[in-house]
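Here are my notes, point by point. Please keep the coordinates open while you read.

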Amino acid sequence: MQNNSLGTQIVRLRQRQQLSQAQLAERLFVSRQAISKWEKGAAEPDLDKLVQLSQVFNVDLDYLVLKQTMHRDNILVITNVQKNYTKPVLKGINLTLHRNERVALLGSNGAGKTTLVNLIIGRIQPDAGAIERNYVPKHDLSLMPQQNLLIGPLRVQEMLEMEVKLANLPSQNLERLLKTANLWDQRAQLVMKLSGGQQRKLMFLLTMMKQARFLIFDEPTVGMDLETIDRFWQQLDHLTNTTLVITHDFNQIDHYFDRVVLLKDGVIAADEQVATIHAHNQTLASWYRHFNHS
């Protein structure tokens, strides 16, 4: 390996994520000058920083350092899945999700997105096709639905305590969690008395408490104020879990996701890497309009 092959790889992966040197430095808690030295080959990151770089870039460590082809374990494989109600809703869905992958699921209202999520989590069963889950749903899957699943008469802290017991979670530092979510001052408040934005924050906190390998978010920022939306994406940006998110926030798709999948009229109309879309000088919004209206 030539002296600066790692530096070249860092530059390429940083640009693929559309990160400046300063932005990458902020995520790694180092100076911008340190990033510059790594990229020029004047210095090399230590092992801890290499691991953090692989997490930020969402690549294997071998791929980052040696450019070896990534081995991507499948966490979910959907094969020719169909679902009918009074009419066909899903008409032969084929979709594979990989370990640590960040995928945005797009589609107009009625395209079948929520039905697909309900099939993935096992709430409903397909009429045809197969779903292979390479995880234990009870322990490894956590869902933040579009509609809050909260118990109004409970107090906020009681809601968290109940989640710990029902999900058989290890002991949690509830004070730290509530303070992180900016809900500490509301800990004794009835859930039904929270604002819509506070209820979404609580729902997000409950979803994240499980520390699952596979996270699904269905329109997670609906009802949040702008400050909470920014904090939500910042928190998700530090995760290495497999995430599937139904969203139409194209700015965040550009910065957060590896891949976009478009569901249209019950079929996968398009499935593309975000980096590939950018390489063709397209924005996510223009890509979406092209495939959703063609």
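1. Naming first. A helix here is a DSSP run of H or I with at least four residues, a strand is a run of E with at least two, and both are numbered from the N terminus. The model is predicted.

2. Start with helix H4, residues 47–57. Which of its residues are buried? They are Lys49, Leu50, Leu53, Ser54, Val56 and Phe57. These residues span an arc of only 160° around the axis, so they sit on the same side of H4. Residues three or four places apart in an α-helix point the same way, because a turn takes 3.6 residues. The face turned away from the buried side carries Leu47 and Asp48, both exposed.

3. What covers the buried residues of H4? The cover includes helix H1 (5–16), H2, H3 and helix H5 (61–66).

4. Both ends of H4 deserve a look. The N-terminal end is capped by Asp46, with a side-chain oxygen 3.3 Å from the backbone nitrogen of Asp48. After H4 comes Asn58, with a positive phi near 60°.

5. Two packed helices are described by the angle and the distance between their axes. For H2 (residues 21–28) and H3 (residues 32–40), the axes come within 8 Å and cross at roughly 110°. The 65 to 115 degree range counts as roughly perpendicular, so H2 is roughly perpendicular to H3. On the H2 side, the contact uses Gln21, Ala22, Leu24, Ala25 and Leu28. On the H3 side, Arg32, Ile35, Ser36, Trp38 and Glu39 take part. By class, that gives 6 nonpolar, 2 polar and 2 charged residues.

6. Asn168 has a positive phi, near 55°, and is not a glycine. Asn168 belongs to the loop between H8 and H9. Its relative accessible area is 68%, so Asn168 is exposed. Asn182, also not a glycine, has a positive phi of about 60°. Asn182 is in the loop between H9 and H10. Its relative accessibility is 39%, so Asn182 counts as partly exposed.

7. Pro170 is in the loop between helix H8 (156–166) and helix H9 (174–180). Is Pro170 buried or exposed? It is exposed, because its relative accessible area is 55% and the cut-off for exposed is over 50%. Pro170 and Ala212 are 42 residues apart in sequence, with 13 Å between their C-alpha atoms.

8. Arg213 lies in the loop between H10 and S6. At 39% relative accessibility, Arg213 is partly exposed. Setting aside residues up to four places away in sequence, Arg213 touches Ile75, Asn134, Tyr135, Asp140, Asn241 and Thr242. Leu6 lies 207 residues from Arg213 in sequence and 29 Å away in space, C-alpha to C-alpha.

9. Asp271 lies in strand S9 (residues 267–273). At 35% relative accessibility, Asp271 is partly exposed. Beyond four places in sequence, Asp271 is in contact with Leu95, Arg259, Val260, Val261 and Trp287. With Arg259 there is a side-chain polar contact of 2.8 Å. Val103 is 168 residues from Asp271 along the chain, and their C-alpha atoms are 9.8 Å apart.

10. Last, His278 in helix H13 (residues 274–279). Its relative accessibility is 18%, so His278 counts as buried. The cut-off for buried is under 20%. Which residues does His278 touch, apart from those up to four places away in sequence? They are Gln18, Asp254 and Leu284.

Note on methods:
Residues are numbered from 1 along each chain as its sequence is written. This is a predicted model: local features need pLDDT of at least 70, side-chain atom pairs count only at pLDDT 80 or more; totals for chains, interfaces and linings use all residues. Side-chain values use heavy atoms; hydrogens and water are left out. Axes are lines fitted to C-alpha atoms, for helices over the stretch in contact, and angles run from 0 to 180 degrees between N-to-C directions. Angles under 35 degrees count as roughly parallel, over 145 as roughly antiparallel, 65 to 115 as roughly perpendicular and the rest as oblique. Contact means heavy atoms within 4.5 Å. Ala, Val, Leu, Ile, Met, Phe, Trp, Tyr, Cys and Pro count as nonpolar, Asp, Glu, Lys and Arg as charged, and the others, Gly among them, as polar. Buried means under 20% relative accessible area, exposed over 50%, partly exposed in between (1.4 Å probe, protein chains only). The arc is that of the directions from the helix axis to the C-beta atoms. A polar contact is a pair of N or O atoms within 3.5 Å; within protein, one must be able to donate a hydrogen and the other to accept it, and residues adjacent in sequence count only if both atoms are side-chain atoms.
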